[in-house]
Amino acid sequence: MEDYRIVADEISADVEAGRLRPGDRLPPQRRFARERGIANSTAARVYGELVRRGVVVGEVGRGTFVRAGRPPLETALAEPGGATVDLELNFAVLPEQSALVGKALEPLLRDDVLTAALRPGSVTGSKQARDAVAGLFAKDGWAPEILFAGSGREAIAAAIAAFVPMGERLAVEAITYPVVKALAGRLGVQLVPVETDDRGLIPEALEATSVRALYVQPTLHNPLGSTMDEARRVELAETVRRMDIPVIEDGIYTFLRPEIAPFATYAPERTVFTDSMSKRLAPGLTTGFLAVPAEWTERLAAAVRSGGWVAPRFAVEAATRWITGGTLETVERAKRLDAAERQRITAARLAGFTLRADPAAYHCWWELPEHWRAETFVAAAARRGIAVTPAAAFAVVPGHAPNAVRLAVSSPPLETLGAALDVLAGLASGRPEDAGVD
């Protein structure tokens, strides 16, 4: 019997040589097996190997297609590339905010203050720092302990490491933040996808799993843009109590919807809330926060320290000054207005298409027209200098990605954003063969 890896090598070579192009559809597995004279089980292993290598991607109900460019997880984690318009990475830096941020740092540059700020950092920070961050999250009597990490990603990593031993299982939404997929791989944790609907993660689907913890994005989910309503949050809180599992809440976009209380306020005794300065202020300012129940403080602190994820003291001191001096509040207010304007532009330029977006979000989920496939559309957009992210980057189970892309609309100037969306709208209205990618 022909080894499945040899067959996978042959298909990969066809892709590299251009005999198979981005967007080309592979035959159904049974037909592929007949054509190759191999067993159906071997064909399944070939397709699985091609997905693992990032050569192909499966789309639910549509088939298996040659993918465009980098494997989807690498795409989602990549540094800014050469695209003229970047709608992949979601970091907003407003023109006026640098002066505000710099002015707030002036007292920190005095010799005596700077000397203290350059000493080794601590996961607990100073009382002033803890009080400042706690003030950001103060809602409905929720009064968690505050810990500091180098970034929001490191805060999430520490929470996973604290509650999910190597080899054990972590529940996540079936479409989730790609960094969590990467963190789970490095920590030896198995992800268990949980079904969602327009209201967020479905508690009944979670209760059908056997897991050690849950990672969830209840507010402005990335990439779907959905926000869990109050009734669903109450139901989820009751579910995790029955299951007796901890919850890791990713609150990175909650500042855009400040009127909504975090899920942690519904289950404060078993929720670790994670956030950072990267979206609130700027991508280069990554100080991460963990808001934790008092009884878990040492457990989480130990995880941060053992992972080497302690925030530098200077970063914590800077964050404290931005919070207490009003800089952060000013920038956040401006970003909420900016995000709303960008969503208005996006809705107008992509009118008539199927978008899922919150009016307050910096991203949207575009369910593509039937005649387009996500990978083909990404390739066609890239040829026009526009980078977007395919759904496969967010799917926990390879081959189970919807036919959609995420648009991150925070970075380009407004005029550039509008022009790029016009190009994408024109592209989606046409046929792949007309775009030169089919």
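Predicted model: local features only at pLDDT ≥ 70, side-chain atom pairs only at ≥ 80, totals over all residues.
## Strands E5 and E6

Strand E5 (residues 169–173) pairs with strand E6 (residues 190–194) in the parallel sense, and five bridges connect them. Within this pairing, Val-172 stands opposite Pro-193 of E6. The chain passes from E5 to E6 by way of helix H9 (residues 178–187), forming a right-handed β-α-β crossover.

## Strand E9 and its partners

Strand E9 (residues 213–216) is joined to E5 by two bridges, and these strands run parallel. Leu-170 is positioned opposite Ala-213 of E9. E9 is also joined to strand E10 (residues 247–250), here through three bridges and again in a parallel arrangement. Tyr-215 has Ile-248 of E10 as its bridge partner. Between E9 and E10 the chain runs through helix H11 (residues 230–243), and this β-α-β crossover is right-handed.

## Helix H15

Helix H15 (residues 327–349) contains 23 residues, which at 1.5 Å a residue should span 33 Å. Its end C-alpha atoms are 33 Å apart, in agreement with that expectation.

The buried residues of H15 include Thr-327, Leu-328, Val-331, Glu-332 and Lys-335. Further along the helix, Asp-338, Ala-339, Arg-342, Gln-343, Ile-345 and Thr-346 are buried as well. In an α-helix there are 3.6 residues a turn, so residues three or four places apart point the same way.

## Helix H16

Helix H16 (residues 374–383) is largely enclosed by the rest of the structure, because eight of its ten residues are buried. These buried residues are Ala-374, Glu-375, Thr-376, Phe-377, Val-378, Ala-379, Ala-380 and Ala-381. After H16 comes Gly-385, which has a positive phi near 80°.

A search of the whole structure finds one cavity of 30 Å³ or more. The largest cavity has a volume of about 30 Å³.

Its lining is formed by Asn-90, Phe-91, Ala-92, Tyr-253, Phe-255, Lys-279 and Tyr-362. Classified by residue type, the lining of the largest cavity comprises five nonpolar residues, one polar residue and one charged residue.

Conventions
Residues numbered from 1 in each chain as written. Heavy atoms only, no water. 1 Å grid on protein atoms, 1.4 Å probe; cavity = no way out; pocket = protein on both sides within 12 Å on 5 of 7 lines; lining within 4 Å. Points joined across faces, edges and corners; volume = space filled by probe spheres on them. Nonpolar A, V, L, I, M, F, W, Y, C, P; charged D, E, K, R; others polar. Pairing = 2+ DSSP bridges. Helix = DSSP H or I, 4+ residues; strand = E, 2+ residues; numbered from the N terminus. Right-handed = clockwise from strand over helix to strand, strands pointing away. Expected span 1.5 Å × (residues − 1). Buried < 20%, exposed > 50% of the residue type's maximum accessible area, 1.4 Å probe, protein only.
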